[in-house]
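Subject: The structure, and what turned up in it

Hello,

Here is the structure you will be working with. Please open it and keep it on screen while you read the notes below.

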Amino acid sequence: MILYYMPGACSLSTHISLCETGEPFRLVKVDNKTFKTEHGEDFLSINPDGCVPVLQFSTGKVITDCVAGLHYIADHFWQSGVSPAPDSDERIQLNAFLTQIEQQLHGQFAPLQQKGIAADIRDAVIVRLSDEFEKYEKLFSDGRQYLMGRQFSVADAYLLVAINWAGMAGINTFRWPHIGDFGDRMRERPSVLAALRAEGLWVD
């Protein structure tokens with residue numbers, strides 16, 4: 001299994017989740033300007049959209065969507081602890097979290113990546129994102145350690161990426177102490193540290 005990634009992109013959630021499973025996989029870095037891999041391959045021949053993550057399998061199967069990849073990991077490696085059991089009520093809840101993060105957080109960041117975005121549009125996006133993060137702050141206020149309670153899941157890896165992006169977008173995440181505690185807790189996990197180090201996002 002090969003994971004094509006760009007440092008700090010949503011592929012980081014896939015990277016963290018794979019590290020959690022303990023399953024073997026190979027990392028291939030993609031340049032976000034030239035769309036060449038670190039080995040000189042044309043990434044667009046693998047995914048014409050140029051987006052990461054991409055999971056490529058020895059069978060020839062390719063998964064080119066972040067949430068689809070997280071669902072794959074949850075389906076196939078749930079016994080490693082990255083997901084509740086298939087067909088359980090808890091798994092339905094996990095699926096809901098993945099959808100919420102994709103639609104209410106991940107998708108909302110897209111306008112902020114546009115060059116020359118108007119200030120009023122940027123401000124409106126920041127307000128929408130802040131409102132969504134407020135919901136997660138309230139959720140964590142009940143004392144849970146992770147989205148599903150005491151158990152890590154692939155959704156936590158996805159949420160961590162959104163929190164990282166919020167900071168880079170200039171959103172003051174320090175106003176949400178419970179989210180801050182969640183981020184600190186996540187960065188203490190060996191899988192998260194391994195992924196951050198591998199992507200050059202963590203300096204010891």
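Start with α1, which is mostly covered: 10 of its 11 residues are buried. Buried means under 20% relative accessible area, exposed means over 50%, and partly exposed is in between (1.4 Å probe, protein chains only). Helices (H or I, at least four residues) and strands (E, at least two) are DSSP runs, numbered from the N terminus.

Two notes on the source. This is a predicted model, where local features need pLDDT of at least 70 and side-chain atom pairs count only at pLDDT 80 or more, while totals for chains, interfaces and linings use all residues. Residues are numbered from 1 along each chain as its sequence is written, and side-chain values use heavy atoms, with hydrogens and water left out.

**Helix α1**

Among the buried residues of α1 are Ser11, Leu12, His15, Ile16 and Glu20. What covers them? The cover includes β1, β2 (26-29), β3 (54-56), α2, α5 and α7. After α1 comes glycine 22, with a positive phi near 80 degrees.

Look at threonine 14, which sits in helix α1. Threonine 14 has a relative accessible area of 0%, so it is buried. Leave aside its neighbours within four places in sequence, and threonine 14 is in contact with Leu3, Pro53, Leu55, Cys66, Leu70 and Ile73. Contact means heavy atoms within 4.5 Å.

**Domains**

The domain assignment gives domain 1 (2-80 + 192-199) and domain 2 (89-189). Such bounds come from an automatic or database domain assignment. The two centres, taken over C-alpha atoms, are separated by 21 Å. Domain 1 puts 18 residues into the contact, and domain 2 puts in 18 residues.

**Cores**

Next, the nonpolar cores. A nonpolar core is a set of buried Ala, Val, Leu, Ile, Met, Phe, Trp, Tyr and Cys residues joined through side-chain atoms within 4.5 Å. The largest one has 53 residues, and Phe133 and Leu159 have the most contacts inside it. Elements that each supply at least two residues of this core include β1 (2-5), α1 (11-21), α3 (89-105) and α4 (119-140). Its largest share, 11 residues, comes from α5. Why does this core lie between the domains? Domain 1 and domain 2 both give residues to it, so it lies between them.

Now find leucine 159. Neighbours within four places in sequence aside, leucine 159 is in contact with Ile101, Leu105, Tyr136, Phe140, Leu147 and Phe182. There is also a second, separate core of 10 residues, which includes Val28, Val30, Val52 and Val54.

Isoleucine 2 is in strand β1. Isoleucine 2 has a relative accessible area of 13%, so it is buried. Apart from neighbours within four places in sequence, isoleucine 2 is in contact with Arg26, Val28, Val54, Leu55 and Gln56.

Isoleucine 126 is in helix α4. Its relative accessibility is 16%, so isoleucine 126 counts as buried. Not counting residues up to four places away in sequence, isoleucine 126 touches Leu112, Ala169 and Ile171. Phenylalanine 109 is 17 residues from isoleucine 126 along the chain, and their C-alpha atoms are separated by 8.7 Å.

**Cysteines**

How many disulfides does the structure hold? A disulfide is a pair of cysteine sulfur atoms within 2.5 Å. For cysteine 10, the nearest cysteine sulfur is that of cysteine 66, 4.1 Å away. For cysteine 51, the nearest is that of cysteine 10, 7.8 Å away. Is cysteine 10 buried or exposed? At 8% relative accessibility, cysteine 10 counts as buried. Cysteine 51, at 42%, counts as partly exposed.

**The largest pocket**

Last, the largest pocket. On a 1 Å grid over the protein atoms alone, a pocket is an open set of points where a 1.4 Å probe fits, with protein on both sides within 12 Å along at least five of seven lines; lining residues have an atom within 4 Å of a point. This pocket holds about 560 Å³ of space. Grid points are joined across faces, edges and corners, and a volume is the space filled by probe spheres set on the points. The lining has 25 residues, and Ala9, Cys10, Cys51, Val52 and Gln113 lie nearest the centre of the pocket. α2 and α5 are the elements that give two or more residues to the lining. α5 gives the most, with three residues.

Best wishes
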